[in-house]
Amino acid sequence: MKIQLNLFASLTRFLPDPKEAGFSNLVEIEEGTTIEELLDRLKIPREQPKIIFVNGIHAGGTTVLREGDRLGIFPPLAGG
Amino acid sequence: MEKILRIDMGAEGGPKINEVPVGDYAGLGGRAMTSAIVAKEVPPTCHPLGADNKLVIAPGLLSGTAAAMSGRLSIGCKSPLTGGIKEANSGGQPSQVLARLGYAAIVLEGKPKDETLYKIVINKDGVKIQPDNSLKGLPNYDLIDKMKAQYGDKIACISIGPAGEMKLAAASIACTDMELRPTRHAGRGGVGAVMGSKGVKVIVLDDTGKTMRSPKDPEKFKEAQKAWVKGLQTHPVTSQGLPAYGTNVLTNILNEAGGYPTYNFKQGRFAGAAKISGETQAELETARGGLATHGCHRGCIIRCSGTYNDKDGHFLTKQPEYETVWAHGGNCGIDDLDAIAQLDFLDDNYGLDTIEMGATIGVAMEAGLLKFGDAQGAIKLVKEVGQGTPLGRILGSGAAVTGKVFGVERVPVVKGQAMPAYDPRAVQGIGVTYATTPMGADHTAGYAVATNIMNVGGSVDPLKPQGQVELSRNLQIATAAIDATGMCLFIAFAVMDQPETFQALIDMINAFYGLKLTADDVTALGKSILKNERDFNTKAGFTAQHDRLPDFFKKEKLAPHDVTFQVKDEELDQVFNW
């Protein structure tokens, strides 16, 4: 099944295809994959991500991903 | 900072300078100082452009010391935009220079009898005020070039552009940065119009011959400073995110969270967000020879600012902030960073609040004056503001006035001030702040976004009403206190997550002034500032009905979450229940 994977700031380089515009890749994953499992597959160090959104809602590493989900991950960041 | 400089602009025979000891206002700084003076000395029902209003300019308690991050300046008055009390805050150099010159505040009082424009010069030899009508109409950049030519490049300037001279309610007050550019602004609430109504075009500060302010207990101060710096260099927000990407790092975050106000607050995601994100902006700036990491004042170690060059590598403007990129970008359906940078430059040059201007253009688009996404049209409109055409004057009076003139219902304001870059339906904590802060719709007054979206200082679900009142209350109190210190508000990220860093701030204040303040005293200070402000607003005619968001936020669902603002009116009335 496919999900939309958005990796931002210093995490963009972990995208399977980092050159694709908009920080976004469509990736193929197996049913029942958790966010943590996907992070491991992409070789993103587990302590790196700080803010995780699934369809715009805060999520944790153990969340199971579903078909068509929009996953957005940020390293520790800020603003104002 | 033992003196207050009072200048009566309407005195017989011309402006009269009066330097007085700080007196009853001793121990106050920044917003504590400005709100105390305004609450005590300005009649709450006065006309904001009249002789009874006062413009108070105050450095913070730690400004002009060796404490890192202490360069913020507070400017207060009765606001011509909201009709209530206002504190606008700016970075840049003037705060520390003014503090080292020994002033706890400058108070501009009265009103000139004619249209003469004045220039004030303050250095180690004293204060001079001179008429200079050759400065009339000068945009900020041209004005600063002239001041540089006359007074050298060791100066720091506080100025208004043509917008302030025209007394437009969206007019800002500019503060020069380390490169002596007028890029930092006390933006919100029309403080520039009040400076214009007092006939003052520019205040030139030069602290040559003055030294760093020295602490009562240098050893303890040094120790506290060390812990302070360590804390800021440890927290990922202050040590990595902000220096690398600046505040515009928030574009992708708010967009992902579905709380990015798009097309005048119609939806919470913008398809063009990635194109105008902080990451894209930093890459572009670096490629064009600008800076993605840059401090706005000496002593800043976060360095969230930057410089933006045009495609030929020439300086165009400072790195536009998140609020500016949103207001002129996604809010207006514009996804062109160069156009946004051009708008930022125009706002800085004319002396306009970028948030108010962007929101106003969004309302103008809603009204059909131009299409959403029309970047060149937006640039034309801002130029009209600078020129003072009738349409320009309408737009320069802000989003509420523009909405009224063109019969628009969807006007995102509270107490007449435009909402910043977070939709209150998807970030309900900031919605509580927008509604209840005495400042009008203001994001810095109680930045619930940190906890709602970024999980700083804990975590409160942004899409539900639970916990938002408490969150906003605590942040409004803490922020008011921080605003008194001269500290840049971005220290709050480190302070909220690291108790030892909060303690270091208290230790620095105690070591500097020889005090024994506790965390409870800091809370008490924040509460007293808010009380002054609420009391002023009540006497000015504000009621609980003014602590509300516009109706449509309660009724109209915001995509992608299909959510409305759910914090009840009775709960909003509990924010100040101590």
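Tutor: Let us begin with directions: axes are lines fitted to C-alpha atoms, for helices over the stretch in contact, and angles run from 0 to 180 degrees between N-to-C directions. Helices (H or I, at least four residues) and strands (E, at least two) are DSSP runs, numbered from the N terminus. What you see is a predicted model, in which local features need pLDDT of at least 70 and side-chain atom pairs count only at pLDDT 80 or more, while totals for chains, interfaces and linings use all residues. Residues are numbered from 1 along each chain as its sequence is written, chains are lettered from A and ligands numbered from 1 in the order in which they are written, and side-chain values use heavy atoms, with hydrogens and water left out.

Student: What is the mean pLDDT of chain B?

Tutor: pLDDT is the predictor's confidence in each residue, from 0 to 100; the mean for chain B is 97, and 100% of its residues reach 70 or more. The model scores ipTM 0.94 and pTM 0.97.

Student: Why is helix α3(B) called oblique to α11(B)?

Tutor: The axes of α3(B), residues 140-151, and α11(B) come within 6 Å and cross at roughly 55°. Angles under 35 degrees count as roughly parallel, over 145 as roughly antiparallel, 65 to 115 as roughly perpendicular and the rest as oblique. An angle of roughly 55° belongs to the rest, and that makes α3(B) oblique to α11(B). The contact (heavy atoms within 4.5 Å) is made by Asn140(B), Tyr141(B) and Asp142(B) of α3(B) and by Phe345(B), Asp348(B), Asn349(B) and Tyr350(B) of α11(B).

Student: What makes α1(B) roughly perpendicular to α18(B)?

Tutor: The axes of α1(B), residues 30-41, and α18(B), residues 468-485, come within 4 Å and cross at roughly 100°; this value lies between 65 and 115, so α1(B) is roughly perpendicular to α18(B). Gly30(B), Arg31(B) and Ala32(B) of α1(B) meet Ala480(B), Asp483(B) and Ala484(B) of α18(B). These residues divide into three nonpolar, one polar and two charged, where Ala, Val, Leu, Ile, Met, Phe, Trp, Tyr, Cys and Pro count as nonpolar, Asp, Glu, Lys and Arg as charged, and the others, Gly among them, as polar.

Student: Why is Asn331(B) called buried?

Tutor: Buried means under 20% relative accessible area, exposed over 50%, and partly exposed in between, with a 1.4 Å probe and protein chains only. Asn331(B) has a relative accessible area of 0%, and it is therefore buried, although its place is in the loop between α10(B) and α11(B). Among the residues that Asn331(B) touches are Tyr263(B), Trp326(B) and Phe372(B).

Student: How do you know that Gln498(B) is buried?

Tutor: Its relative accessible area is 10%, which is under 20%, so Gln498(B) is buried. Gln498(B) is found in the loop between α19(B) and α20(B), and it touches Gly231(B), Thr234(B) and His235(B), not counting residues up to four places away in sequence.

Student: Why is strand β7(B) described as largely enclosed by the rest of the structure?

Tutor: Five of the six residues of β7(B), residues 118-123, are buried, so the strand is largely enclosed. Two strands pair if DSSP finds at least two bridges between them; five bridges join β7(B) to β12(B), running parallel, and six join β7(B) to β8(B), running antiparallel. In β8(B), Pro131(B) is the bridge partner of Tyr118(B).

Student: What makes β2(A) and β4(A) edge strands?

Tutor: In chain A, five strands form an open sheet in the order β2-β1-β5-β3-β4, with mixed pairing. Both β2(A) and β4(A) have a single partner strand, so one side of each is left without a neighbour in the sheet. Five bridges join β1(A) to β2(A), which run antiparallel, and Gln4(A) stands opposite Leu26(A) in β2(A).

Student: Which are the edge strands of the open sheet in chain B?

Tutor: The sheet of chain B has six strands in the order β2-β1-β6-β3-β4-β5, with mixed pairing, and its edge strands are β2(B) and β5(B), since each pairs on one side only. Within this chain, six bridges join β1(B) to β6(B), which run parallel, and the bridge partner of Ile7(B) in β6(B) is Leu108(B).
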